[in-house]
Amino acid sequence: MLKKYSGVEIIYGILFFVVHIAIETISYMLLYLRFKTFVAVLIVLMYDFFAFVPQSLIGEWHNKHKKVDIGYLGTIFLIIAIVLIKTSNQIIYILAVLFLSFGNAILHECGAIAVASVSKKNIFPSALFVSGGTIGIIIGRHLAIVSASVNYLFIPVAIIIIILALTDKTWCNENARYIDVNIANAKCSKYVIFAVAFAIVMVRSYMGFVLPLTWKEKFFHFALLFISLGVGKAFGGYLCDMIGYRTVGFISTILCLPFIILGNKFMLLSLLGVMLFSMTMSVTYAMLLSVIKQNPGVAFGVTTIALFAGAVPMFFVNFSLLTNTIIIVILSIVCFKLINITIAE
């Protein structure tokens, strides 16, 4: 079934899947190094803001300076963060988190642009790239829990540098052309498509934080949860290419509901529900690519802003299990309706 994809699409998808693992391994080890079980609210909020929100600006800048491999700058920022993060000085520590955030943001954009530069009409390579982050989160958090030396993080740094060196002639090119998808309903304005995609990503982000999961007690459970998220993102991209975005939109917004609701105390049901709802990633990214033509960096950046927006309520509001369940059901149905209206296929 992978014959649908060219060799270069699969290779780049895998390479930047590895880059994404490396990025999040570094980020999450450094974030959890000081706060083993809970990252200080203001620190993680600051990190999320500067890691997610600037990505569209970075993508737009690269679109005007395509020959520049900004990934090396992002890698330098990560190295600075590794060196500074263990300080006891609070100001230096905050600077380290800022360098970590910007390095993360830049390298995410590099991955999105690089994979989009070798894809023709297929979303799976991009979905594969995105899914790697969940593995990095698991590895990074584990390294922090066992108090591993930050020197180990120079291994993923070296991996990032090697992959950038192997690939930058392809995507750092003024003649680069990107994935061409056209799934948006022509009757809807690009602003409507933009707003709907943004809203759906925001809902997906919010749901990821408020899912009722009473079974998640140990690190093993945490790892399984994030693995299911990653599998859902990758598999969702594959299914979009094979059976269409509208069908995947139905699966990811409606079919997931009974598994998520009934899975509160049943891990396997819940993991399946999480996997299904995470499939929405490819649908929304393709919607944005349909209206932000030849600029995957900006399209990808819009999704990360929406991810941040959906995460913000988690820092300030704590609803009951029943309230969260009702909110999840209502928002999922609304997302399904919006997908049906705005997607042409």
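Which residues form one aromatic cluster? Tyr5, Phe124, Phe235 and Tyr238 do.

## Model and conventions

This is a predicted model: local features need pLDDT of at least 70, side-chain atom pairs count only at pLDDT 80 or more, and totals for chains, interfaces and linings use all residues. Residues are numbered from 1 along each chain as its sequence is written, and side-chain values use heavy atoms, with hydrogens and water left out.

Helices are DSSP runs of H or I with at least four residues, strands are runs of E with at least two, and both are numbered from the N terminus.

## Aromatic pairs

A pair of aromatic rings is described by the distance of the centres and the angle of the planes. Here, rings of Phe, Tyr and Trp (its six-membered ring) pair if their centres lie within 6.5 Å; planes under 30 degrees apart count as stacked, over 60 as edge-to-face and the rest as tilted. The structure holds 15 aromatic pairs. One of them joins Phe77 and Phe99, edge-to-face, at 5.4 Å centre to centre and 65° between the planes. This pair links distant parts of the chain: Phe77 sits in helix α4 (residues 71-84) and Phe99 in helix α5 (residues 90-116), 22 residues apart. Burial is set by relative accessible area: under 20% is buried, over 50% exposed, and in between partly exposed (1.4 Å probe, protein chains only). Phe77 has 18% relative accessibility, so Phe77 counts as buried. Phe99, with a relative accessible area of 25%, is partly exposed.

Phe124 and Tyr238 also pair edge-to-face, at 5.8 Å centre to centre with 75° between the planes. Phe124 lies in helix α6 (residues 124-145) and Tyr238 in helix α9 (residues 219-243), so this pair ties together parts 114 residues apart in sequence. Both Phe124 and Tyr238 are buried.

## A charge over a ring

What sits over the ring of Phe222? The charged end of Arg141 does, 4.3 Å from the ring centre. The criterion is NZ of Lys or CZ of Arg within 6 Å of the ring centre and within 35 degrees of the ring normal.

Axes are lines fitted to C-alpha atoms, for helices over the stretch in contact, and angles run from 0 to 180 degrees between N-to-C directions. Helix α2 (residues 41-52) and helix α14 (residues 296-316) have axes that come within 9 Å and cross at roughly 165°. That makes α2 roughly antiparallel to α14; the classes are under 35 degrees for roughly parallel, over 145 for roughly antiparallel, 65 to 115 for roughly perpendicular and oblique for the rest. The contact (heavy atoms within 4.5 Å) is made by Val41, Val44, Leu45, Asp48, Phe49 and Phe52 of α2 and Gly301, Thr304, Ile305, Phe308, Phe315 and Phe316 of α14. The α2 and α14 crossing is left-handed. A crossing is left-handed if the near helix is turned anticlockwise from the far one by less than a right angle, and right-handed if clockwise.

The crossing of α9 and α12 is right-handed. The axes of α9 and helix α12 (residues 267-277) come within 7 Å and cross at roughly 35°. On the α9 side, the contact residues are His221, Leu224, Leu225, Ser228, Leu229, Val231 and Gly232. Those of α12 are Met267, Leu271, Val274, Met275 and Phe277.

## Buried helix residues

Cys240 is in helix α9. Cys240 is buried, with a relative accessible area of 3%. Leaving out residues up to four places away in sequence, Cys240 touches Ile123, Tyr245, Val248, Ser282 and Val283. Cys240 and Asn122 are 118 residues apart in sequence, yet 8.4 Å apart in space, C-alpha to C-alpha.

Ser332 belongs to helix α15 (residues 321-342). At 3% relative accessibility, Ser332 is buried. Val201 is in helix α8 (residues 190-210) and is buried at 0% relative accessible area. Val201 touches Thr284, Thr303, Ala306 and Leu307, not counting residues up to four places away in sequence. The C-alpha atoms of Val201 and Lys187 are separated by 22 Å, and the two residues are 14 apart along the chain.

## Positive phi in loops

Most residues other than glycine have a negative phi, and most peptide bonds are trans. Ser147, not a glycine, has a positive phi near 55°. Ser147 is in the loop between α6 and α7 (154-171), partly exposed at 46% relative accessibility.

Gln294 is not a glycine either, and has a positive phi of about 55°. Gln294 is in the loop between α13 (280-291) and α14. At 33% relative accessibility, Gln294 counts as partly exposed.
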